[in-house]
Amino acid sequence: MVLAQLGGSISRALAQMSNATVIDEKVLGECLNEISRALLQSDVQFKMVRDMQTNIRKIVNLETLAAGTNKRRIIQQAVFTELCNMLDPGKPAFTPKKGKPSVVMFVGLQGSGKTTTCTKYAYYHQRKGFKPSLVCADTFRAGAFDQLKQNATKAKIPFYGSYMESDPVKIAVEGLERFRKENSDLIIIDTSGRHKQEAALLEEMRQVAEATKPDLVIFVMDGSIGQAAFDQAQAFKQSASVGAVIVTKLDGHAKGGGALSAVAATKSPVIFIGTGEHIDEFEIFDVKPFVSRLLGMGDLSGLMDKIQDVMPADQQPELLAKLAEGTFTLRLLYEQFQNLLKMGPIGQVFSMLPGFSSELMPKGHEKEGQAKIKRYMTIMDSMTAAELDSTNPKLMTESRIIRIARGSGRQIRDVMDMLEEYKRLAKMWSKMKGLKMPKNGKMSDLSQNLNIQQMTKALPPQVLKQMGGMGGLQALMKQMGGKDMSKMLGGMGLGGD
Ligand SMILES: Nc1nc2c(ncn2[C@@H]2O[C@H](COP(=O)(O)OP(=O)(O)OP(=O)(O)O)[C@@H](O)[C@H]2O)c(=O)[nH]1
């Protein structure tokens, strides 16, 4: 995704500035120009870029800064804050509540990914325990109903539509009535698209909204539309009370900067982004972690969510208990690898770790990381149960290693390499020994019991440094609240090669 390049350019501009011996107006000016250029190249609207420059200049007044203040930090913080402000309209979007009926209407141009996104949105909520349903009020595009039907059937989500009826308002109302009766707590209405924001489309949208009174209107925008984003988003906002934006196709060559412009045009937050055609290629969009990732500062809370999502809840108390005992067996490592592979593209996971911007983890490397994990797992597949569950470091004798290598079709040195990696991780995890278990055994409540000294000991020194030392870690823990730290450590250990 090209947004990663934007992040790289901004990080580079900041790093160049940091290399200067004295930070004066000239150095600051060059840094801001560099950042502006990068934003413009990513299709962010000119006016927004200019406003950002002005705001940073207002925050960073080099003349009035007392001697000894860390100017670099103040500038970096200002860039971070301004990028966040650009993406944060200041008011959160409506969020549906389980068990309380809500109606969400999707609008957008033809081909923006609206129909696909409706199903992704429904599926996302279904996994969270909602009872979603889909209504196809797109009577303009032949085949739209079939597409929705297909997607909905695959995801086992109830749907409503018609091949005969040509009035979208009628279909929307009928669908709404049907699903209200069936106690759906999230009724999603897909509306027609057109090739451009023409009057007929906007009028149709207005009528559907009037008849269904949605709690939220989501504007779906193709991430690759570039500078046209602002006008398009504004046209939709003027005809329907758009309350949130979803930007799609951010997996391809989209520059993505248009997303920032859409936020300004609709004064509504981006709530999700689409990162592929598949139903689960859909991510929650959170401004601060996103900007952190963009600047290569990592997104630990996103990583937490991902891990939390893939780890079955019933396995969590078990892992915690083992951690508290200080036993980190090969089997536990195997299970962690399985979870890691389930998390999706490894590069995406790495980009959430502090210091691992996508630039630092180039494409080739991602594959290597994934291949390595798979290789380790194949080797472990040739181990006996006793070997996997052993806590005795002397168990792995030469003859066992030779047998495992032969069984897995790998070289002896590959097995040794895998065991070294295991030892390194086991050592790190052993520092978590004596961990107090949360009463309910849930991972998510663990962080309240973690002690900061324990954490600093367990983190690899370079990671701790990137996080801003002990102070940074403390701030992060506070910020993350209920999020679980132990799994983060696992993730980090695997990342720090
Ligand atoms: N790569 C990628 N493709 C996507 C994404 N979202 C949607 N698509 C694809 O974009 C194309 C158009 O998506 P649709 O959902 O049919 O578009 P639509 O906006 O509903 O179109 P109309 O129903 O005609 O208004 C399809 O091929 C989707 O698979 C995404 O996040 N990434």
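This is a predicted model: local features need pLDDT of at least 70, side-chain atom pairs count only at pLDDT 80 or more; totals for chains, interfaces and linings use all residues.
**The whole chain**

Start with the protein chain in cartoon view. The chain has 23 helices and eight strands. Colour by burial next: of its 497 residues, 42% count as buried. If you draw the contacts in the chain with a separation of 6 or more, 76% of them are accounted for by residues 24 or more positions apart.

**Helices H5 and H6**

Select residues 114–127 for H5 and residues 144–154 for H6. The two helices pack at an angle of about 25 degrees, and their axes are 10 Å apart. Because angles under 35 degrees count as roughly parallel, H5 is roughly parallel to H6. The crossing of H5 past H6 is right-handed.

Now show the side chains of the contact. On H5, pick Thr-115, Thr-116, Cys-118 and Thr-119; on H6, pick Ala-144, Gln-147, Leu-148, Asn-151 and Ala-152. This contact of H5 with H6 has four nonpolar residues, five polar and no charged.

**Helices H7 and H8**

Move on to H7, residues 168–181, and H8, residues 199–212. Their packing angle is about 30 degrees, with the axes 9 Å apart. That angle makes H7 roughly parallel to H8. H7 and H8 also form a right-handed crossing.

Which residues meet here? From H7 come Pro-168, Val-169, Ala-172, Val-173 and Leu-176, and from H8 come Glu-204, Gln-207, Val-208, Ala-211 and Thr-212. Coloured by type, the contact of H7 with H8 shows seven nonpolar residues, two polar and one charged.

**Leu-333**

Select Leu-333, which is found in helix H14, residues 330–342. Is Leu-333 buried or exposed? Leu-333 has 23 other C-beta atoms within 10 Å, so it is buried, the cut-off being 20 or more. For a distance to check in the viewer, take the C-alpha atoms of Leu-333 and Ala-426, which are 8.8 Å apart in space and 93 residues apart in sequence.

**Glu-283**

Finish at Glu-283 in strand S8, residues 282–284. With 19 other C-beta atoms within 10 Å, Glu-283 is partly exposed. Show Phe-272, Ile-273 and Thr-275 as well; Glu-283 touches these residues, not counting those up to four places away in sequence. How far apart are the C-alpha atoms of Glu-283 and Ile-271? They are separated by 8.6 Å, and the two residues are 12 residues apart along the chain.

How values were computed
Residues are numbered from 1 along each chain as its sequence is written. Axes are lines fitted to C-alpha atoms, for helices over the stretch in contact, and angles run from 0 to 180 degrees between N-to-C directions. Helices (H or I, at least four residues) and strands (E, at least two) are DSSP runs, numbered from the N terminus. Angles under 35 degrees count as roughly parallel, over 145 as roughly antiparallel, 65 to 115 as roughly perpendicular and the rest as oblique. A crossing is left-handed if the near helix is turned anticlockwise from the far one by less than a right angle, and right-handed if clockwise. Two residues are in contact if their C-beta atoms, placed from the backbone, lie within 7 Å. Ala, Val, Leu, Ile, Met, Phe, Trp, Tyr, Cys and Pro count as nonpolar, Asp, Glu, Lys and Arg as charged, and the others, Gly among them, as polar. A residue is buried if 20 or more other C-beta atoms lie within 10 Å of its own, exposed if 12 or fewer, and partly exposed in between; C-beta atoms are placed from the backbone.
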